[in-house]
Amino acid sequence: MSYIPFLSRGVIVLYGPDTRDFLQGIITNDINKLDSQKAIYSLLLSPQGKYLYDFFLIEYGKYIFLECENIHLQQIIEKLDLLKTYLRVKIKDISALYKVGVLFDTKLAECSSKSQVIFQDPRHKLLGMRIIHKDEIKEPVGDFIQYEKVRIKNLVPDGAKDMVQNSSFPLQYLIDKANGISFNKGCYVGQEVVNRMSRQEIFRRKLYLVEGDNTLPDIGTKVTNENNEEIGELRSSVDNIGLALLNTQKSHANLYVDGIKCVKTLKS
């Protein structure tokens, strides 16, 4: 077992009698899943159904922890404060008290104590046990590159890295496959667009796994096909594998990313 610190992550705490009802009305997932599991993965969307933020929600006694990217933390707090109006919900940044990481290559059970919360990453079982903790972790530091390879090979996008605020549609990024959307809950912000897209047989653009014959370039690099048509762009990558958002209506034969040939694409 190894521990990988996520220094770019922070923690918000929500509490108060209206907390669950408040979250249920704004997030893409079903807060009631916390009755049977420790954590859920969810998004907050614009009214147009586009990605704003993604995060984990973790039940911790009478509190709900929201684990998210630090770069979005204050934006999320401001958004939640705006949306809660007169509801009895308190929202605080507790990142100064807690660190975030993942226990990788482990089958450790979900548990909580006064100093830590451990939960299975709900997006994919191979992504390990995430941990929010106060005390230092004594396990050896793991390989973040290896973790990213597992994430990419299993077509799990990193929201803040792979998606674009006010632009990306979650179903094109397979967020439903990553257990981030409930189609059976009540209304939430952006739900009409998500439901309409879920009825489409084919998306115009969709996330794929690509494998190059050399190290792939930076995120945002354009992807072209054998006809030299621009058909999409690379998102996150490690070594020679990456995620790419590609036009589903154009040929995927002989793809190139900045001159690097993609020797195969695995359909998402």
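I began with Lys-177, which counts as exposed at 62% relative accessibility. For this term I used under 20% relative accessible area for buried, over 50% for exposed and partly exposed in between, with a 1.4 Å probe and protein chains only.

The model is predicted, so I took local features only at pLDDT of at least 70 and side-chain atom pairs only at pLDDT 80 or more, while totals for chains, interfaces and linings use all residues. Residues are numbered from 1 along each chain as its sequence is written, and side-chain values use heavy atoms, with hydrogens and water left out.

**Entry 1: salt bridges**

I looked up the partner of Lys-177 and found a salt bridge to the side chain of Asp-176 at 3.5 Å, N to O. The criterion is a side-chain nitrogen of Lys or Arg within 4 Å of a carboxyl oxygen of Asp or Glu. Asp-176 is partly exposed, at 24% relative accessibility. I also noted a network in which salt bridges with shared partners join Arg-9, Glu-67, Glu-69, Asp-121, Arg-123 and Arg-130.

My search of the whole structure gave 16 salt bridges. One of them joins the side chains of Asp-18 and Arg-88 at 3.1 Å, N to O. This pair links distant parts of the chain, 70 residues apart: Asp-18 is in the loop between β2 (9–15) and α1 (19–24), and Arg-88 is in the loop between α2 (70–84) and β6 (90–93). Helices (H or I, at least four residues) and strands (E, at least two) are DSSP runs, numbered from the N terminus. Asp-18 is buried, with a relative accessible area of 13%, whereas Arg-88 is exposed at 54%.

I then took the salt bridge between Asp-162 and Arg-151, at 3.2 Å, N to O. Asp-162 belongs to helix α4 (residues 159–162) and Arg-151 to helix α3, so the pair ties together parts that are eleven residues apart in sequence. Both ends are enclosed: Asp-162 is buried at 0% relative accessible area, and Arg-151 is buried at 1%.

**Entry 2**

I traced an open sheet of five strands in the order β1-β7-β10-β9-β8, with antiparallel pairing. The edges are β1 (2–5) and β8 (111–112); each has a single partner strand, so one side of each is left without a neighbour in the sheet. I counted two strands as paired if DSSP finds at least two bridges between them. Strands β9 (residues 116–120) and β10 (residues 129–133) are joined by five bridges, and Gln-120 has Met-129 of β10 as its bridge partner.

Helix α3 (residues 144–153) packs on this sheet, touching β1, β7 (99–104) and β10, and its direction makes about 75 degrees with that of β7. Contact here means heavy atoms within 4.5 Å. The axes are lines fitted to C-alpha atoms, for helices over the stretch in contact, and the angles run from 0 to 180 degrees between N-to-C directions. The buried residues I noted in α3 are Tyr-147, Glu-148, Val-150, Arg-151 and Ile-152.

I checked both ends of α3. Asp-143 caps the N-terminal end, with a side-chain oxygen 2.9 Å from the backbone nitrogen of Ile-145. A polar contact is a pair of N or O atoms within 3.5 Å; within protein, one must be able to donate a hydrogen and the other to accept it, and residues adjacent in sequence count only if both atoms are side-chain atoms. After α3 comes Leu-155, with a positive phi near 55 degrees.

I found β3 and β4 paired in the antiparallel sense over seven bridges, with Ala-39 opposite Ile-58 of β4. Their hairpin has five residues between the strands, and Gly-49 there has a positive phi near 80 degrees. β4 also pairs with strand β5 (residues 63–69), antiparallel over five bridges, and Leu-57 is the bridge partner of Leu-66 in β5. That hairpin has two residues between the strands, with Gly-61 at a positive phi near 65 degrees. In β4 (residues 51–60) nine of the ten residues are buried, so this strand is largely enclosed by the rest of the structure.

In β3 (residues 39–45) I looked at Ser-42. Ser-42 is buried, at 0% relative accessibility. Its side chain reaches the backbone nitrogen of Asn-29 at 3.1 Å. Leaving out residues up to four places away in sequence, Ser-42 touches residues including Ile-27, Tyr-53, Phe-55 and Gly-180.
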